Amino acid sequence: MNPAALTITASNAAKTYGAVATLTQFTTSGLVNTDAVSAVTLSSTGAAATAAVGTYPITAASATGTGLTNYTITYNNGTLTVNPA
């Protein structure tokens, strides 16, 4: 049997320069039955307090949950915007 397609996308976020971003939001598309994504590793070089004003990619990886072996997972980036203080 062929695995189903699952897309996980990091949600866009914003923070103020000097603050540390906490990245926790993502969306999924393609889950069926009671399968679920409980966590995704989200990271961005813009998350650090010292990140300059601008935009940075938020990368998603390493999803965990129930039934995920039934899927081919594609990860899409979000955008982190660092605003001036």
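**View 1. Leu 42, a buried residue of strand β4**. With a relative accessible area of 13%, Leu 42 is buried (buried denotes under 20% relative accessible area, exposed over 50%, and partly exposed the range in between, with a 1.4 Å probe and protein chains only). The model is predicted: local features need pLDDT of at least 70 and side-chain atom pairs pLDDT 80 or more, whereas totals for chains, interfaces and linings use all residues. Residues are numbered from 1 along each chain as its sequence is written, and side-chain values use heavy atoms, without hydrogens and water. Leu 42 belongs to strand β4 (strands are DSSP runs of E with at least two residues, helices runs of H or I with at least four, numbered from the N terminus). Beyond its neighbours within four places in sequence, Leu 42 contacts Ala 10, Leu 23, Thr 24, Gln 25, Ile 58, Thr 59 and Ala 60 (contact means heavy atoms within 4.5 Å). The C-alpha atom of Leu 42 is separated by 24 Å from that of Ala 85, 43 residues apart along the chain.

**View 2. Ser 44 in the loop between β4 and β5**. Ser 44 is buried, at a relative accessible area of 13%. A polar atom of the Ser 44 side chain lies 2.9 Å from the backbone oxygen of Pro 57. Not counting residues up to four places away in sequence, Ser 44 touches Leu 23, Tyr 56, Pro 57, Ile 58 and Leu 80.

**View 3. The open sheet β3-β1-β6**. The 3 strands are arranged in this order with mixed pairing (two strands pair if DSSP finds at least two bridges between them). Strands β3 and β6 (71–76) are the edge strands, each pairing on one side only. On average, neighbouring strands of the sheet are turned by 20 degrees against each other, direction ignored (axes are lines fitted to C-alpha atoms, for helices over the stretch in contact, and angles run from 0 to 180 degrees between N-to-C directions). Strand β1 (residues 4–10) runs parallel to β6 and is joined to it by 6 bridges. Ala 5 has Thr 72 as its bridge partner in β6.

**View 4. Positive phi values at Asn 33 and Ser 62**. Asn 33 is placed in the loop between β3 (26–29) and β4 (36–43), and its phi is near 55 degrees, a positive value in a residue other than glycine. Asn 33 is exposed, with a relative accessible area of 78%. Ser 62, in strand β5 (residues 54–66), likewise has a phi near 55 degrees. Ser 62 is partly exposed, at 49% relative accessibility.

Note on methods: Polar contact = N/O pair within 3.5 Å; in protein donor to acceptor, adjacent residues only side chain to side chain.
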